[in-house]
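Please work through the following exercises with the sequence and the model side by side, trying each task before reading its solution.

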Amino acid sequence: MLHVPDKPSVEESAPALPTSQPSTPNVKITYQRPGLRRRSHTTEWFAFVCVMVLVALLSYGVGAMMTLNRGDSSSSSSSSSSGGSDTMSMSDSSSNSADTANVPLATQKYGDQPATYKVDADGAKHFTLTAEQVMWEVTAGHRVLAWTINGTVPGPKISVNAGDHVRITLINHFPKATAVHWHGLEVSTHEDGVPGLGQKPIEPGQTYNFDFTLHDQDVGTHWYHSHYDDMEQETNGFYGAFIVNPRPGSPQQIKADVEYDQFVAAMGGYYVINGKSFPDTQPITVKHGQNVHIRLFGADSNSIHPMHLHGHSFQIVAEDGHTVTQPITKDTVQLAPGETYDLVFNAWATPGSVYPFHCHILSHLMNPGQTGAEMGGLLTLIEYAK
């Protein structure tokens, strides 16, 4: 900073007063003429801050313009892609068209159909399951890539009895290796379906035979699912019911007039019950006065779903396939991954009544692209016959 020294004091005589005023003696007045003030640091800092603010504003403007340009480019690319996909009759929510070009459309609309078997010479009930990919319709007009058993989600329902000798042949038509686990059954390590422990992965084109006998401790609601690359295969449809019925007259028998299976899961960005999202979920049809048995399966590997029944209370009569000593009365049950519940309720309402049965995590009641005013996902209806 330039330094200017203070000027020395200067003596001056006061001017003569007007003659009309009383005369006063001459008085010499001495004063110091103020020097130039030093420049303030505050001024410099203020100027510096102003410059920095201007630089920041300019940088922000340039960055914003670049972002907008990138957004416009992305929007153009997305629009081009969307324009191309508009020519497809169905949207593919799980893979691009290159991945699914050679995957056939599902030939059946619904899964959980009874599995068929033949009786071998040694008396074994022999089931044949084929692992295959299909394009599965979760809602009208929307298909996703599904890893299925026999081309449906869920796969076929295996229903056998305590004491049965069971033989199951799995044929792998997947493009990758696979394995199947019998969830809840007390079988040997070699039949449990875990690669690296009791067996090797079943490679594409290979066949594997499972052979075991079911006992009284196996009675109940169980299921099967992939145990190889689970997050791709099980999550996208590789599962199905495995029901072991009790021997006649057994106290393990659950008494009901009608029975329904409900696999609660997610696939291809959709929340699904038995492979479908509302409004395409199948209703649970009942008649006034019936006792209704619902087998509930936690097939979602990533989320817990509190399933709530409107207008009714149900009894939990079995957990993970095993009957409970004292049934528990509730209207909502927390369904965790891998769990099964057997629920029984009485259809008390008047004919023509309709009640929802749904997950109480409300974001699970929406399909991709829906608004909060629409219903989708994990919801099915209890419909009373008129």
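**Exercise 1. An aromatic cluster**

Which residues form one aromatic cluster together with Trp182?

Solution. The model is a predicted one, and in it Trp182 forms one aromatic cluster with Tyr208, Phe210, Phe212, Tyr224 and Phe242. When pairs of rings are counted across the structure with a limit of 6.5 Å between ring centres, the number of aromatic pairs comes to 14.

**Exercise 2. Two ring pairs that share Phe263**

Classify the pair of Tyr239 and Phe263 and the pair of Phe263 and Phe297, and place each ring in its strand.

Solution. Step one is to recall what has to be read from the model: a pair of aromatic rings is described by the distance of the centres and the angle of the planes.

Step two takes the rings of Tyr239 and Phe263, whose centres are 5.4 Å apart and whose planes are at 20°, so this pair is stacked, given that planes under 30 degrees apart count as stacked. Tyr239 belongs to strand β12 (residues 239–245) and Phe263 to strand β13 (residues 258–267), so the pair ties together parts that are 24 residues apart in sequence. Both Tyr239 and Phe263 are buried.

Step three turns to Phe263 and Phe297, where the ring centres are 4.0 Å apart and the planes at 5°, so this pair is stacked as well. Since Phe263 is in strand β13 and Phe297 in strand β16 (residues 291–298), the pair ties together parts that are 34 residues apart in sequence. Phe297 is buried, as is Phe263.

**Exercise 3. Charge over rings**

Over which rings does the charged end of Lys276 sit?

Solution. The charged end of Lys276 sits over the ring of Tyr110, at 5.4 Å from the ring centre. The charged end of Lys276 also sits over the ring of Trp136, and here the distance to the centre is 4.6 Å.

**Exercise 4. Salt bridges around Lys157**

Solution. A search of the whole structure finds ten salt bridges. Begin with Lys157 and Glu259, which form a salt bridge in which the closest N and O atoms are 3.2 Å apart. Lys157 lies in the loop between β6 (142–149) and β7 (158–161), whereas Glu259 lies in strand β13, so this pair ties together parts that are 102 residues apart in sequence.

Next, the side chain of Lys157 also meets that of Asp261 in a salt bridge, with 3.0 Å from N to O. Asp261 is likewise in strand β13, so this second pair connects the loop between β6 and β7 with a part of the chain 104 residues away in sequence.

Then compare the accessibility of the three partners, for which the limit for buried is under 20% relative accessible area. Lys157 is buried at 17%, and Asp261 counts as buried at 5%, whereas Glu259, with a relative accessible area of 38%, is partly exposed.

Finally, widen the view: Lys157, Glu259 and Asp261 are linked with Arg295 and Asp342 in a network of salt bridges.

Key. Residues are numbered from 1 along each chain as its sequence is written. This is a predicted model: local features need pLDDT of at least 70, side-chain atom pairs count only at pLDDT 80 or more; totals for chains, interfaces and linings use all residues. Side-chain values use heavy atoms; hydrogens and water are left out. Rings of Phe, Tyr and Trp (its six-membered ring) pair if their centres lie within 6.5 Å; planes under 30 degrees apart count as stacked, over 60 as edge-to-face and the rest as tilted. Helices (H or I, at least four residues) and strands (E, at least two) are DSSP runs, numbered from the N terminus. Buried means under 20% relative accessible area, exposed over 50%, partly exposed in between (1.4 Å probe, protein chains only). A charge sits over a ring if NZ of Lys or CZ of Arg is within 6 Å of the ring centre and within 35 degrees of the ring normal. A salt bridge is a side-chain nitrogen of Lys or Arg within 4 Å of a carboxyl oxygen of Asp or Glu.
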